[in-house]
Amino acid sequence: NSTLLLPDGSRCITTLTVARRIKLQGGRLSWTAGITNAEAVLVTADGVELHGVTLINPSELGAATGNRNVGIRFTANEGTVVGCTVQQFQNGIMVSAEGEYGRFRIADNRVIDIVGVGGGPASASTDGEDRGDGIVVWGAQATITGNVVSCKAGSDARIGIHCEGLPGSAVTPGAYFSAQYTVSDNIVYGQFRRGISVEDVSEASVTGNTVADSTWWAVSLAANCRASH
């Protein structure tokens, strides 16, 4: 990949779309508008890498309804996010549910102060169950390791790390669609409803993680899931 060095301290007012294979490196970007119901960075090309990038949503732009507010969203395959900081978004790093995308490496990132939209940590309400994830992969063949994921204090977010297979969304499914996830050596804390969740995935390994403060479950394995932990 060619490398693009991002500027430091830039203020952004719209989504940054990455539509060709490239490596984005360094830089600190802050969004002040334009992402209430959208992503800060949208990746639409296969093989894109982000290394050491900092994305901040200081005003916590986002909404309880409509399209999700997201730090980084992939609608492509073979994505890499390493050593990045994603702060104060409703959803931190997301592999989109439309397409059954695969082959991701998400490692050594800080996905912090995720903002939930539920009724509060003490609430049993299911409001906010469609957003509020730190790292979420709807797809296949993802390695999620060494990340630190946190929920904003006093917030009611959904899931720290979420892996879910959606075979019904597969456009051109590969041999291992809705399968082959490794979730290891991550730290998840703050009042997520579920610290780590693996759902409808046929092959997954969840090992060596540390989870604290979850209001529903620390680790959840659900819906036809076959996993080792």
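Start with the open sheet: 8 strands, paired in parallel, in the order E2-E5-E8-E11-E14-E16-E19-E22. Strands here are DSSP runs of at least two residues, numbered from the N terminus. Two strands pair if DSSP finds at least two bridges between them. Select the edges, strand E2 (8-12) and strand E22 (210-211); each of these pairs on one side only.

This is a predicted model, in which local features need pLDDT of at least 70 and side-chain atom pairs count only at pLDDT 80 or more, while totals for chains, interfaces and linings use all residues. Residues are numbered from 1 along each chain as its sequence is written, and side-chain values use heavy atoms, with hydrogens and water left out.

**Inside the open sheet**

Next, select strand E16 (residues 148-151) and strand E19 (residues 187-189). They pair in the parallel sense over 3 bridges. Valine 148 stands opposite isoleucine 187 in E19.

Move to strand E12 (residues 91-95). It is largely enclosed by the rest of the structure, because 5 of its 5 residues are buried. Buried means under 20% relative accessible area, exposed over 50%, and partly exposed in between, with a 1.4 Å probe and protein chains only.

E9 runs parallel to E12, joined to it by 4 bridges. Look for isoleucine 72 opposite isoleucine 93 in E12.

**The cores**

A nonpolar core is a set of buried Ala, Val, Leu, Ile, Met, Phe, Trp, Tyr and Cys residues joined through side-chain atoms within 4.5 Å. The largest one has 48 residues, and Leu50 and Ile72 have the most contacts inside it. E15 gives the largest share of this core, 4 residues. Another core, of 5 residues, lies apart from it; among its members are Val70, Met94, Val136 and Trp138. In soluble globular proteins, nonpolar side chains tend to be buried together.

Which residues does leucine 50 touch, not counting those up to four places away in sequence? Select Leu24, Val43, Ile72, Phe74, Thr80, Val81, Val82 and Cys84. Contact means heavy atoms within 4.5 Å.

Finish with cysteine 84 and cysteine 12. Cysteine 84 is buried, because its relative accessible area is 2%. Cysteine 12 also counts as buried, at 16% relative accessibility. How many disulfides are there? The count is 0, where a disulfide is a pair of cysteine sulfur atoms within 2.5 Å.
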